[in-house]
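Please find below a short note on the model, for comparison with your own reading of the coordinates.

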Amino acid sequence: MRYVDEFRDTKTAQTLAKAIYAEADPNRQYQFMEFCGGHTHALCRFGLEDLLPDNIRMIHGPGCPVCVLPVGRLDMAIDLATSHPEIILCTYGDLMRVPGTNGRTLRTAKAEGGDVRMVYSPAQAVDLAGKNPDREVVMFAIGFETTTPPTAAAVKEAARDGLSNFSVFCNHVLTPSAIDAIMTAGTGESGVHLDGFVGPGNVSTIIGAEAYEDASAKWRKPIVIAGFEPNDLLQSILMLVQQVNRGDTCVENAFARAVRPGGNTRAQEMCREVFSIRNSFEWRGLGTIPGSALQLGPDFESFDAEARFAMAYRSRPDHKACACAQILRGEKAPRDCKVFGTACTPEHPLGSCMVSPEGACAAYYAYGRFRDTREIVAAE
Amino acid sequence: MDKLNRRLFPRKLDFRNGNIELAHGAGGKASAQLFEELFRPAFSNPELDRGDDAAAFEGAARMVVATDGHVVSPLFFPGGDIGTLAIHGTVNDVATSGAIPRYLTAAFILEEGFPLNDLQTIAQSMAAAAREAEISIIAGDTKVVEKGNGDGVFIATTGVGFLPEHIVEKPGAHRAQVGDAILLSGDIGDHGVTILAAREGLPLSAPIKSDTASVHTLAQAIIAAAPGTKCLRDPTRGGVATAVNEICRASGTGAILNEPSIPIRRPVEAACEILGVDPLYLANEGKLIAIVPEAQVDQALAAMHAHPLGERAAKIGRIIEDPDGFVQMETVSGGRRMVDWLVGDPLPRIC
């Protein structure tokens, strides 16, 4: 714990807050996006926005894997689990509760008789495949670059063990593509203006700080990579303000204790070996983005669940009252959503941002709600 | 209260298609809703409706009763077992009313095939805990269910106690007032982390054991030192976070906690980091929250510090005005956040 204390220490937080106040120019507005859901959670959990001057606004980004998965992809998994009795569908816990079309979830799929099991890692799914040779085990894999290497390792393990009853429903997505999509959306009419990004912590341990150089140069925005403790975040916000004031637009690494410039090259190599880039992939909120996601590569095609079970993707709309799309683009805050805290709560989520603890709505519901109470109308 | 309930439970229980979920037993928001919308309408009376952990008898005003079911898994854990919990849980509920616990009844639901040796160990633990608390187990019942229809042993206990002469108005959550201090008798999360670590097989760098204990002498010491004590609660399931929310709901107030002053042991804090759980929501089985007028804080804390179960007691917050009943917290970073009720059931069968 001593290691963590340093980054949670009250005095350091106050010193950093003072430095931010001193550095911020009162005559201008600063709008930064923390890309990563883990950062959104930490901002709310530690009440860090209270430590910032009024002219610095933090906008919550799309970096929550459960949040950006579109309804159509959930429907594919739900249909797979309910229409193939031979399949054991393995998934991470949060995904069980995200509503697909007509409010169906993997949990209801389970109640309908689908064999849906919660796992903590894809390696557990490989184990299940080994123990159930007469069943088909499908790993419903999602996530940014942090969760991709474990999936790659699981596929390689299954290949090595000759497990022909294991496959992956691959939904891994790429962070730089999402940053680019956010910035592109920002040039539109309803787009949100951003002065810089707090760069992801965990993702950057894999892809490295250099992976953001292109985005930073293309859009001329500062990106500061941060850890997940409160003082990490305050430090990165200070560095962003400094860059903006200097007119700089570079990538800085404030999480050097974990992130190297080139990232984890071994993990990158393994992912390149197992996966290839998809032509296009639909994201919730960000639309269809070319080259923004991964699929099983040529050497591991036989592990692709989409091909094995002839799964076809159909784009499906979000719940009509749900503002997740605008929230993921930073155009709306959770409190701007009509159903926030009424029809949509962590117990009964309508949209994905209310499900995962890293979702902006869930974080705001758990930690920030007391700031703006309003008359709550009972939901049906 | 109606408006508050609407905010707290925006979606009513679905009596047509709904089913019991684990969350209904977690002691958090779903448990409160089950009581509010199912049991309370069925059984409603002024004593039950107050929603305290122990109730006084009509016609026997000095007598208090409380009841508690115990389903902990695993049955045996560092610091205790289901037997010690079955005594301490009910003794502590009686104790929060300011009463001195005297008698207990126990009902055992046993599963076919459960080893007699284990049952004997549990009974001996109960006997030892009862002796220590100076109570007698005066009645009981045993039922056995077929193998597969239970999980070893469940124990339900009911406790009876008597309010001492000097307590004029028994403490209750509805009595908390704006300006009162929130005191906590010691470190949070020990029981919850012990159970979790035992289940996950988590190797811990430092020994952690359940804090399970009878707190009635501590309760008496607090009331004797601070006669204005408004409310006592033992923050079991749902943890300190949920207990403070319950107090605010019952008294129509809000609260603000101060994160740096909430006592927690380092190994527990470290284990919570690893397990990804918030210790504010973890069960405690030997702690008391006391709502005390600000003017009596010093004497209450002194009395707690002088008691073996209150050495690490601290003032952790205060009751504030908030018609919406929110519990807030000043964080270690110096910002503010909300402390919600426990939602869902991340840790079933913790006690």
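1. The model is predicted: local features need pLDDT of at least 70, side-chain atom pairs count only at pLDDT 80 or more, and totals for chains, interfaces and linings use all residues. Residues are numbered from 1 along each chain as its sequence is written, with chains lettered from A and ligands numbered from 1 in the order in which they are written.

2. Chain B places 23 residues in contact with 29 residues of chain A (contact: C-beta atoms, placed from the backbone, within 7 Å). On the chain B side, helix H1 (2-8), helix H9 (266-275) and strand E14 (336-338) each supply at least two residues (DSSP runs, helices H or I of at least four residues, strands E of at least two, numbered from the N terminus). H9(B) gives the largest share of that side, four residues. The side divides into seven nonpolar, six polar and 10 charged residues.

3. The largest nonpolar core has 126 residues (buried Ala, Val, Leu, Ile, Met, Phe, Trp, Tyr and Cys joined through C-beta atoms within 7 Å; buried means 20 or more other C-beta atoms within 10 Å). Helix H12 (residues 230-246) of chain A contributes the most to this core, eight residues. A:Leu234 is among the residues with the most contacts inside the core. Beyond four places in sequence, A:Leu234 contacts residues including A:Ala13, A:Leu16 and A:Leu48. Another core, apart from this one, has 94 residues, among them B:Val71 and B:Tyr281.

4. H4(B) (residues 82-95) and H5(B) (residues 116-133) pack at about 35°, axes 7 Å apart (axes are lines fitted to C-alpha atoms over the stretch in contact, with angles from 0 to 180 degrees between N-to-C directions). Their contact residues divide into 10 nonpolar, four polar and no charged.

Methods. Two residues are in contact if their C-beta atoms, placed from the backbone, lie within 7 Å. Ala, Val, Leu, Ile, Met, Phe, Trp, Tyr, Cys and Pro count as nonpolar, Asp, Glu, Lys and Arg as charged, and the others, Gly among them, as polar. A residue is buried if 20 or more other C-beta atoms lie within 10 Å of its own, exposed if 12 or fewer, and partly exposed in between; C-beta atoms are placed from the backbone.
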